[in-house]
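Here's a quick tour of some ring pairs and helix contacts. Have a look at the structure first, then read on.

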Amino acid sequence: MKKLLFLLGCALLLAGCRNVPETASPIELKKDSSVRIVIPAEHATRGIEGFLRQCAGIVRRGLKETVGINASIEVEGRKSGFSGTTIYLGNTQAIRRIGIFPAEFQNFDAVIATRGNDIFIAGCDRHRFGKKVPVRHSSTCVLGTVTGTVRFTETFLNGRFLIPGPNGLDFQACKSVSVPGGLTWKITPRLIMGSGRFSEVFYDYSNSSPGYGRIHLYGGHSYYNAVPAKKYAATHPEYFTSRDGKRSPLGNHLCISNPEVQELIYKEMLSKLDGGADAVELGQTDGFNPCCCDQCKAYGGVGDDYGEKIWILHRSLAERLMKDRPGKKVIIICYPPNSTPPKTFSAFPANTMVELCKYTDEVFADWKKIEVPGGFLTYIYNWGNYHITGFTPKRPPSFLARQARTFAANGVKGIYRCGFGELCGLEGPGYYVYGKTLEDPKRSCESLLNEYYTRSFHESAAPMRTFFNTLHHALELFPWIMDKAYLTSQRNVLSALYPPDVMETLEKNLVRAEKMARQPKVKARLLLVRKEFDYLKSIVDVIRMYQAYRTVPSWSTFDLLAQKIDARNALIDSMLDKNGRVPRLKEFPDVRFFDGATRAHLADNGRSSTLGAPFNWDTGLLKAKKILPGTTSRKMTVRKISGKPVFNDFTSGVWKNLKWEELGGIQLGPIVEKTRFKAAYDNENFYLAVVSDLDPKKKFLPLGQDGPCWRNDCIEILIDPKGDRQSFYHMIYTPVAESRFDEAYGLITDPLHPLYQKTDASWNGNWSYRCRREGGKWYSLFTMPFKTLNVPAPRPGTSWTLNVGRESRIIGGSGNEMPELSLWSPNLENAGFHDPEAFGEAVFE
């Protein structure tokens, strides 16, 4: 006990403990102690009482599970005559009587105090902007009492918040709980903002993610709110960007030199600060398109450096704010085009913070040259199924601990965690290490991991330590793998991370841990790990069998592969509810299990890339049609025509007797919007007559020459007229006129040229297309002169290699989602259109 008290005393001293008289006797709580927990009768905001009752529940559970005390929960002033220990939670009259006023506390600060035989735990609990509206979620509040409850639970009740929810909170039985007498411990968390995907309030606060605090964030970009195109485009076109002398509200990009625009941006800042926020985010539109009017070109006197123009504008707004609203802060986002530190000044005003989206040691070294008085916020991308590894683990704890220490050393005061919390089983140790290192950068990664294993898995801790050590060792390869261009497909990355010996070690130790488990809470935590691991294993099993099939393509290896594919599909189906989404587990209702993914996202393993072949194969259909994938390539005949190619439905005239060629899934998966084409030629041109399904609800704008056509529904044509797969021409067009893109690959043969073995977007061919839409169909006629390809008209028997692809986009999407990809000659390797090895053969008659 003396050793425990000494360690606790040291911990309190390091955390800022003060006013602990040497003669004050500690409060000792044992099984026969009489304890009540009291919450205030009145609260600053409706809804706060619910959170304080949760605090009381945590403390009561801790007392019960540690020393066996059955504490009561009461409202202050409703009972009297109690002679035991009272634990006061929140802004009670009792804590104010001892001279502590929690309502005056800042951010997530809290206090733990003892006077006589009583314990006080409190902080400022209110709507984060001081509004008198009901609060229902922790993200709308600052809950200092939750901060205090978490620290009291961890420090004195030896509790650990390991996973969100009751089954993730762990206590250990002991003979007594000891709290120093005469204590006044003021707790000031290192972060004033920690947010992302919220789970359960005590887990979030324990792991340095308590919420937005008193900061108003827009998700990075405030211009949309300040000057919305919907409101101003018609009446004030001069507010928006100018290109070639024309104003356009497309994308909501602004004319930043316009004084009225600057005033609207400033008024938006004031509206949030006057509404109760202590700090407000300031950021330009996403995918910033500069205004090319004369005033914007001249703004700031920095030429065409629009990043510097943004810094100059935003700094001037910060200076103005410092005069108009003393004590309020502005958070300027460092994001393209101002993704590097400013060049024209070396200091920001005292009210300024900077939000970083890149945060390596090198980035912080660059920022050492600039004075940022308010410190930094960061928007981090450590987790989330948008990574190439999808719904499988990403970062090892060692990486997370290093990052947390870097943030602490460089004055980071707020963090937004993108994609956090989807894999609390496999990524749980990393989450724990990250949160605790942010709280105390001096804690070692190894000790935190050992604490997590011991407290999470108890009797099964030994095999789970081996399990996670093996997993984390594999994940150490992640940064190296991502630097290798040939490992940019999900299949290749996951294959490199999880070789057979790693998967065997993981499976053996998880099975061993499951057999050793006795406690229900341990079994529940292992179940979470098991479900996530089985999903990972189902992917790796298919990859391994696919590699065997590619080595020895035969019906026997295909059957073995098909069994693994079917087993994975069955696993995915078993994970879904009646609405086709992954439900939360009854054992962990507060865990965002696989982020509630749809079947499509599980099948693709995430939302930014797809697993592709062979995961999307219809194995039954392939077998029924006796197609052994990858053993043959597509081939077609191109017939010569004598008449003019008519732009019709391509079933009459010169097209009547030509064969349709069908596009399928790029890796033999199913397709919703189908495409087919006919090919022909004459003495001057090569023709493609293309018919695609196209939802009438889809709307398109022309993108001009070399615009980003690939962000819309489009046809992509790739032609290698030499047939040697060393060079090709790439053409794209969309369903509207004047909307095309072209480039060439392999035409530059000088090894010293910067575009050697790269695509050259400066190539512009003299080709054309015509298109129309009718009855849910998109008809297009593509014409390519042979002169543009620098080849003569083909003779009978001439062979080209080529491919024809289609991208189909989601209605109402941003253009960044994975489109439906269809391709004439499928690409089983990398799910791209541009691989000459996947081109089919076109033979001219």
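How many aromatic pairs does the structure hold? It holds 55, where rings of Phe, Tyr and Trp (its six-membered ring) pair if their centres lie within 6.5 Å. Keep in mind that this is a predicted model, where local features need pLDDT of at least 70, side-chain atom pairs count only at pLDDT 80 or more, and totals for chains, interfaces and linings use all residues. Residues are numbered from 1 along each chain as its sequence is written, and side-chain values use heavy atoms, leaving out hydrogens and water.

**Ring pairs**

- Phe 288 and Tyr 306 have ring centres 6.4 Å apart and planes at 45°, so this pair is tilted (planes under 30 degrees apart count as stacked, over 60 as edge-to-face and the rest as tilted).
- The pair links distant parts of the chain, 18 residues apart: Phe 288 is in the loop between β18 (279-282) and α9 (294-298), and Tyr 306 is in helix α10 (residues 306-324). Helices (H or I, at least four residues) and strands (E, at least two) are DSSP runs, numbered from the N terminus.
- With ring centres 5.6 Å apart and planes at 85°, Tyr 359 and Phe 407 make an edge-to-face pair.
- Tyr 359 sits in the loop between β20 (352-356) and α11 (361-367), while Phe 407 belongs to helix α12 (residues 397-409), 48 residues apart.
- Tyr 359 is buried at 14% relative accessible area, and Phe 407 is buried too, at 1%.
- Ring pairs join Tyr 359 and Phe 407 into a cluster with Trp 311, Phe 345, Phe 348, Phe 364, Trp 367 and Phe 376.

**Helix contacts**

- The axes (lines fitted to C-alpha atoms, for helices over the stretch in contact, with angles from 0 to 180 degrees between N-to-C directions) of helix α14 (residues 445-457) and helix α19 (residues 520-551) come within 8 Å and cross at roughly 120°.
- That makes α14 and α19 oblique to each other (under 35 degrees is roughly parallel, over 145 roughly antiparallel, 65 to 115 roughly perpendicular and the rest oblique).
- Helix α17 (residues 490-497) also meets α19: their axes come within 10 Å and cross at roughly 100°, so α17 and α19 are roughly perpendicular.

Notes: Buried < 20%, exposed > 50% of the residue type's maximum accessible area, 1.4 Å probe, protein only.
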